[in-house]
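Subject: Structure for you to look at

Dear colleague,

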Amino acid sequence: MTNKTMTETLPTLATPTDSLIDGFGRRITYLRLSVTDRCDFRCVYCMAEEMTFLPRAQLCTLEELASIGKAFIDLGVERIRITGGEPLIRRDVIHLFESLGSHLGQSALQELTLTTNGSRLTTYAQSLADAGVKRINVSLDSLQPDRFRALTRIGDLDTVLKGITAAQNAGIERIKLNAVILKNRNSDEVQDLVQFALENGLDISFIEEMPLGSISEHSRKEEFLSSEALRERIGERFDLSPIGVQTGGPSRYWGISGSNSRIGFISPHSENFCGSCNRVRVSAEGKLLLCLGNDHSADLKAIQRNHPGEPERLKSAIINAMSIKPERHHFSLSDDEPQVVRFMNATGG
């Protein structure tokens, strides 16, 4: 795999409307900003059971992450999603939400969102809503307590369900469940998960497992189930039809007659979505990752620390990095070797 790292140069800054255009004409409007690689779960498809996490000193400070977010906003980014690991275990992370949320309605930023495992939502849901978060994604791969614990290795289903209720009570307007489906582990629950979403006014996206990081717990090839197969299974109980909703991410949405819930499918293997990619990621250690399935990157933390108080230099580095954003990822199911060695928790979900 090609591994490209952008070196620092300082071009003339473009205007926000035309600055974040990659080499394939795609405008980048969506930033996924990771605050930690740590998590209080150990989901079998996301990480190994025994993990080595980054030393805390290697992480960006919350102030550095806020500055990175502000630079992207100045360059025309419209959506920022806070990710991890599990973002809500980062101490004082609500300050970052408040800082970024202050730009809503005052800049290009239209939406501040969160992806979480739900374990801390009972504590933080109201603070998130107060900071301007109106939409969140919650990982939920099973509605069976024992199976949920087996898939997460640690997680408690009841805690997550109470967190979802807390988010609804706090006024968070749209909550989407994210379910990674493994053929021999939880595929028998897809209809029940859809029913749960419909009954509780939630959206749900079903995700094909991505080959990030080396795992030994299961064979990714043997556990693969395509989005098309899932739609066929769901269609046995529900009347699915495609809808033209776009939320900025890679989900392709379907609807069910009589319900406002959206049923999404994220299909990195079977229905590649790279052609319309509008996203980049920043890892918790400040690496600007240009593609989920490649190692092309730029070190924004180093630029900030080498040039403190120079936001224009940071913006220039972000603009430069657009030239090395790959056209697409190339995931394969031919074997169980990972296409990218970093786990999803290090990438930033």
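Please keep in mind that this is a predicted model. I began with helix H5, residues 157-169, whose 13 residues should span 18 Å at 1.5 Å a residue, and since its end C-alpha atoms are 19 Å apart, the two values agree. The buried residues of H5 are Leu157, Val160, Gly163, Ile164, Ala166 and Ala167, and these pack against helix H3 (121-130), strand E4 (135-139), helix H4 (145-152) and strand E5 (174-180). Just after H5 comes glycine 171, which takes a positive phi of about 95°.

Next I turned to serine 205, which lies in strand E6, residues 203-207. Serine 205 counts as buried because its relative accessibility is 0%, where the cut-off for buried is under 20%. Its side chain makes a polar contact with the side chain of lysine 176, at 3.1 Å, and beyond four places in sequence serine 205 also touches other residues, including Leu177, Asn178, Tyr253 and Phe265.

Finally, there is the largest nonpolar core, which has 91 residues, and those with the most contacts inside it are Phe72, Ile80, Ile82, Phe97, Phe206 and Leu300. Helix H1, residues 62-74, gives the most to this core, with seven residues.

With best wishes

Conventions: Residues are numbered from 1 along each chain as its sequence is written. This is a predicted model: local features need pLDDT of at least 70, side-chain atom pairs count only at pLDDT 80 or more; totals for chains, interfaces and linings use all residues. Side-chain values use heavy atoms; hydrogens and water are left out. Helices (H or I, at least four residues) and strands (E, at least two) are DSSP runs, numbered from the N terminus. Buried means under 20% relative accessible area, exposed over 50%, partly exposed in between (1.4 Å probe, protein chains only). A polar contact is a pair of N or O atoms within 3.5 Å; within protein, one must be able to donate a hydrogen and the other to accept it, and residues adjacent in sequence count only if both atoms are side-chain atoms. Contact means heavy atoms within 4.5 Å. The expected span of a helix is 1.5 Å times one less than its number of residues. A nonpolar core is a set of buried Ala, Val, Leu, Ile, Met, Phe, Trp, Tyr and Cys residues joined through side-chain atoms within 4.5 Å.
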